[in-house]
Amino acid sequence: MNLPMTDEECRVAMAALSGQLDLYAKLLVNKGCALKEGQELMLTASLEQADFARRVVRAAYEAGAGHVTVNWYDDAVERMDLEYVPLEWFKTVPSWEVEQRDSLAEAGAAFLFLDGSDPDAMKGIDPAKPAARRKAMNTQCVKYRDGMDFGRNVWCIAAAPVLGWARQVFPKLSDAEAMYRLWVAILSVSRADGGDPESAWETHNASFEQTKRYLNDQRFDALHYVSSNGTDLTVGMNEGHIWDGGAARTVDGTSYFPNIPTEEVFTSPDRMRVDGIVHSALPLSNSGQLIKDFWFRFEGGQVVDFGAAEGADVLQHILDTDENSRRLGECALISKNTPIRQSGVLFYDTLFDENASCHLALGTGFPECLAGGVDMGKDTLMAHGVNQSATHVDFMIGSDDMNIWGISKDGTETPLFVNGQWAWE
Ligand code: ZN
């Protein structure tokens, strides 16, 4: 419980946070992107995040960036695009935009995305349009997409507040206080609230190593999820699956953090062996629209039935993206004892909420989650069970009473999660 702040108190408090914001900007550049001398950076940011974006640009040049390209966007303009422009237009990425992204990817650029938007910004928009645009971006900017997916380009997603988002997270506070509190929450759960965020991230990364080592040694054949909300789901593991998490590595060995914050260990499950029913544990904000209280029934790896209390049409468009968007590309394990969950803040933003809860993702899987996967083509990955699709949508399933067992080839069941946390916690 916090006493309300006046606007003047918020202004003073934000000014006092200035040095910390610069440390956070440095964290994103130096750890998130592991930026190298002379390297190009493309920063995607909202106009509302301009102050923080400028701090990131300065941090990048101070770290030796060759050039920084800022790709500005604005939710209000985005919404007008989606309202006025016909669906057909969104099926093709303009050639100049393909050229911009692909040429930067080929030049070895790092890609940094500042996440943060009003989760309701696109409410009422025909979901076919954002779905078409996402698919076009993922299938037509080939060098850009594959550069990130196959470990040739570093990329990082991290957040900065915008007002519509802050209002949703803190609906009872004044605008100024909601913005301030959201900054404080982001810095805290991103482990960027101390004097040396960069070394805090090295310590954090070490704890991932233990968990990954344990899971990779077990060689489970499947995971079995059960929760009192009705979830009873079995997810097959691929032969040669690899649990990943914490820092990622490019093919040339650069260690970077694709997500800040991150708390998950994850792998790509067998695209053909998912059976049972799974219920959502948190609402999902997708392309500016909220989906609430939803469930999927899987058979032979595919969603065969689903429902939602709100946003079922948005789910339908996700599922219909392509022939593989009804299959899973990711399963991630996150204890309920993480700073994000313990903050008690529901962020309405996948970057945070996915790190508060065990989750699954429909759509494309990860080459690095299969032994030898980064050297395989898409068809070979599919043959080994790693799904390939033009979409990847995480959804949260980790309830407080969720139990998960790892099932070995011989049928032995090992408790992995008991009541929402690791069995050994
Ligand atoms: Zn994930």
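Is Val77 buried, partly exposed or exposed? With a relative accessibility of 43%, Val77 counts as partly exposed, because this class lies between the 20% limit for buried and the 50% limit for exposed residues. The report below returns to this residue after an overview of the structure, which is a predicted model.

## Overall architecture

The protein contains 14 helices and 20 strands. Its radius of gyration is 21 Å, close to the 22 Å that the globule rule gives for 425 residues, so the protein is as compact as a globular protein of that length.

Taken along the principal axes, the box filled by the C-alpha atoms is roughly 60 × 50 × 45 Å. Of the 425 residues, 54% count as buried.

## The zinc site

Which residues are the protein donors of the zinc ion? They are Glu264 and Glu330, each through OE, and His359 through NE2. These donors lie 1.9 to 2.2 Å from the zinc ion. Along the chain, the donors follow the spacing E-x65-E-x28-H. Glu264 belongs to the loop between strand E9 (255-256) and strand E10 (265-267), whereas His359 belongs to strand E16 (residues 359-363), so this pair ties together parts that are 95 residues apart in sequence.

Both Glu264 and His359 are buried.

## Two helices of 15 residues

Helix H2 covers residues 18-32 and has 15 residues. From its first C-alpha to its last, H2 reaches 20 Å, close to the 21 Å expected at 1.5 Å a residue. The buried residues in H2 include Leu21, Tyr24, Ala25, Leu28 and Val29. An α-helix has 3.6 residues a turn, so residues three or four places apart point the same way. Lys31 and Gly32, in H2, are also buried. H2 is followed by Ala34, whose phi is positive, near 45°.

Helix H9 (residues 175-189) has 15 residues, which at 1.5 Å a residue should span 21 Å; the end C-alpha atoms of H9 are 21 Å apart, in agreement with that value. Among the buried residues of H9 are Ala178, Leu182, Trp183, Ile186 and Val189. Arg191 follows H9 and has a positive phi, near 50°.

Val77 lies in helix H4 (residues 75-84). Together with Met80 and Tyr84, Val77 forms a nonpolar patch on the surface. The accessible area of these three residues together is about 350 Å².

Asp81 is also placed in helix H4. This residue is partly exposed, with a relative accessible area of 29%. Asp81 and Lys129 are 48 residues apart along the chain, and their C-alpha atoms are separated by 9.7 Å.

## Salt bridges

Side chains of opposite charge can pair when their charged atoms come close. How many salt bridges does the structure hold? The structure holds 23 salt bridges. One of them joins the side chains of Glu106 and Lys143, at 3.8 Å from N to O. Glu106 is in helix H5 (residues 95-106) and Lys143 in helix H7 (residues 142-149), so the pair ties together parts that are 37 residues apart in sequence. Glu106 is exposed, with a relative accessible area of 58%, whereas Lys143 is partly exposed, at 43%. In another salt bridge, between Asp175 and Arg167, the closest N and O atoms are 2.7 Å apart. Asp175 counts as partly exposed at 34% relative accessibility, and Arg167 is partly exposed at 43%.

A further salt bridge links the side chains of Lys292 and Glu310, at 3.8 Å from N to O. Lys292 lies in strand E13 (residues 289-299) and Glu310 in strand E14 (residues 302-310), so the pair ties together parts that are 18 residues apart in sequence. Lys292 is partly exposed at 30% relative accessibility, and Glu310 is partly exposed at 34%. Elsewhere, salt bridges that share partners join Asp221, Glu239, Asp270, Arg273 and Lys409 into one network.

Note on methods
Residues are numbered from 1 along each chain as its sequence is written. This is a predicted model: local features need pLDDT of at least 70, side-chain atom pairs count only at pLDDT 80 or more; totals for chains, interfaces and linings use all residues. Side-chain values use heavy atoms; hydrogens and water are left out. Donors are N, O and S atoms within 2.8 Å of the metal (3.2 Å for Na, K and Ca); water is not among the atoms, so sites may look incomplete. Helices (H or I, at least four residues) and strands (E, at least two) are DSSP runs, numbered from the N terminus. Buried means under 20% relative accessible area, exposed over 50%, partly exposed in between (1.4 Å probe, protein chains only). The expected span of a helix is 1.5 Å times one less than its number of residues. Patches are made of residues with over 30% relative accessible area and no salt bridge: like charges are joined within 9 Å, nonpolar side chains (Val, Leu, Ile, Met, Phe, Trp, Tyr) within 5 Å. Accessible areas come from the Shrake-Rupley method with a 1.4 Å probe; for residues, only the protein chains shown count as cover. A salt bridge is a side-chain nitrogen of Lys or Arg within 4 Å of a carboxyl oxygen of Asp or Glu. The radius of gyration is taken over C-alpha atoms; the globule rule is 2.2 Å times the number of residues to the power 0.38.
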